[in-house]
Amino acid sequence: MYCRPEVSRKIRYMSFFAAVSVVWLHTNPIGHIDGAVPCLVEVLGTWLSHFNDWAVPFFFVVSGFFFDRQCAESFRYGGVLKKKFHSLVIPYLFWGCVWGGLLWTPLWMLTNSRNGLPIFANTFLAEDSVLCAADFLVGVVCNGPANPVLWFMRVLIIVFLTAPLWIGLRRLSRWLLAGLALVGVFVFTPVSVVTPAEKLFSIYGCPFVLKCQGVAWFGVGMAVSAFRLEERRIHWSAVFVGWIGWWACWHLGLIRAFPFFIMLALWGSADGLFRFLPQEVPAWMCTSFWIYCCHGPVCGWLGGISRALLGKSVAAYLVQVSTLWAMTIAFCLALAGLTRRYLPRVYNTLSGGR
């Protein structure tokens, strides 16, 4: 058993709410309002963006936690690669390349046509060579695939390819692992910032780009597992500190510290809040991975249709920010339910066996 049942239950519930937070973050079109933005609306848009900054770091932490719990004592590199090929690489290739390429490309072409830009701009069809076009779709060198939100999965694939390094560091000293992870979180570009990312080296003139803070958050998850921090009950005073700390960081612009305080506050608050939820997590709330993989192009299409119909006024923004996230989640859940019912093997493959 990798962790106690109550901890596993809490991780499942929080993972679902983290997936919802990511969708909400990507359906917050504050930058598309035409004209002056009223102060209260701007504050709302900024608050929604910053509050949801905890979600992707949380996914990295959970990934690092389970990796450490599974591999720290008994590590087989070949076994890790085989397992991650099925649970991560195959879903990445479909959701990132096929799903992303088929849905994002025509949307960009329509957007370019409306804005008077070259029809293939921002698509793989605009690349100068076959290799660059393939890299645009797959995301080997660039920061992500054609479905750009899956940069998160690309980072995890790179982490697991270099797994012996992290296990070696863990076995050398869990204190050193924790220290380096914390330094990485505060040194590298926050994962909530889309660009820039760190350019590590070049391959045939193309810079190899990586969100290094994602690797650092993965290390934080390994440290949580190594020190068994998930078993410690968080006192109400720490929860209070978490909420106050998030509020203070928001006003001071300390974006690297946001996720620490929000995750502390949410993890501590979950002990009281989740007792009102079913003891057994509903199947539809165990689809956080599917929602994360599926939602990117869906957000794009729903947002584009909404702005075409409603315009870019403040009123339209308020309608969009309050409804698009729910519509996106509903579409992803419906697609998951239909696939699981009629194509169970396909669903199992695309969800990585989750």
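1. **Ground rules.** This is a predicted model, in which local features need pLDDT of at least 70 and side-chain atom pairs count only at pLDDT 80 or more, while totals for chains, interfaces and linings use all residues. Residues are numbered from 1 along each chain as its sequence is written, and side-chain values use heavy atoms, with hydrogens and water left out.

2. **Overall fold.** The protein has 14 helices and two strands; these are DSSP runs numbered from the N terminus, with helices being H or I of at least four residues and strands E of at least two. The C-alpha trace spans about 55 × 50 × 45 Å along its principal axes. A compact globule of 354 residues would have a radius of gyration near 20 Å, and the protein agrees with its 20 Å. That radius is taken over C-alpha atoms, and the globule rule is 2.2 Å times the number of residues to the power 0.38.

3. **Burial and contacts.** Of the 354 residues, 47% count as buried. Here buried means under 20% relative accessible area, exposed means over 50%, and partly exposed is in between (1.4 Å probe, protein chains only). Among contacts between residues at least 6 apart in sequence, 76% join residues at least 24 apart, where contact means heavy atoms within 4.5 Å.

4. **Helix 1 on helix 13.** Helix 1 (residues 5–26) and helix 13 (residues 314–342) pack at about 130 degrees, and their axes are 9 Å apart. The axes are lines fitted to C-alpha atoms, for helices over the stretch in contact, and angles run from 0 to 180 degrees between N-to-C directions. Helix 1 is therefore oblique to helix 13; angles under 35 degrees count as roughly parallel, over 145 as roughly antiparallel, 65 to 115 as roughly perpendicular and the rest as oblique. The crossing of helix 1 and helix 13 is right-handed. A crossing is left-handed if the near helix is turned anticlockwise from the far one by less than a right angle, and right-handed if clockwise. Helix 1 contributes Val20, Val23 and Trp24 to the contact, and helix 13 contributes Val321, Trp325, Thr328 and Ile329. By class, these are six nonpolar, one polar and no charged residues. For the classes, Ala, Val, Leu, Ile, Met, Phe, Trp, Tyr, Cys and Pro count as nonpolar, Asp, Glu, Lys and Arg as charged, and the others, Gly among them, as polar.

5. **Helix 2 on helix 13.** Helix 2 (residues 39–51) also packs on helix 13, at an angle of about 30 degrees with the axes 12 Å apart. The two are therefore roughly parallel to each other, and their crossing is left-handed. On helix 2 the contact uses Val41, Leu44, Gly45 and Leu48; on helix 13 it uses Val314, Tyr317, Leu318 and Val321. Seven of these residues are nonpolar, one is polar and none is charged.

6. **Helix 3 on helix 7.** Helix 3 (residues 55–71) meets helix 7 (residues 163–172) at about 75 degrees, with axes 11 Å apart, which makes helix 3 roughly perpendicular to helix 7. Phe67, Asp68 and Cys71 of helix 3 touch Ala163, Trp166, Ile167, Arg170 and Arg171 of helix 7. This contact has five nonpolar, no polar and three charged residues.

7. **The loop between helix 1 and helix 2.** Glycine 35 sits in this loop and is exposed, at 60% relative accessible area. Its C-alpha lies 8.8 Å from that of valine 314, although glycine 35 and valine 314 are 279 residues apart in sequence. Proline 38 is in this loop too, and counts as partly exposed at 39%.

8. **Positive phi.** Which backbone angles deserve a look? Asparagine 122, not a glycine, has a positive phi of about 70 degrees; it lies in the loop between helix 4 (77–115) and helix 5 (130–138). Arginine 228, also not a glycine, has a positive phi of about 55 degrees and is found in the loop between helix 9 (212–226) and helix 10 (236–252).

9. Is serine 351 buried or exposed? Serine 351 is buried, with a relative accessible area of 2%, in the segment after helix 14 (344–350). Leaving aside neighbours within four places in sequence, serine 351 is in contact with Phe289 and Trp290.
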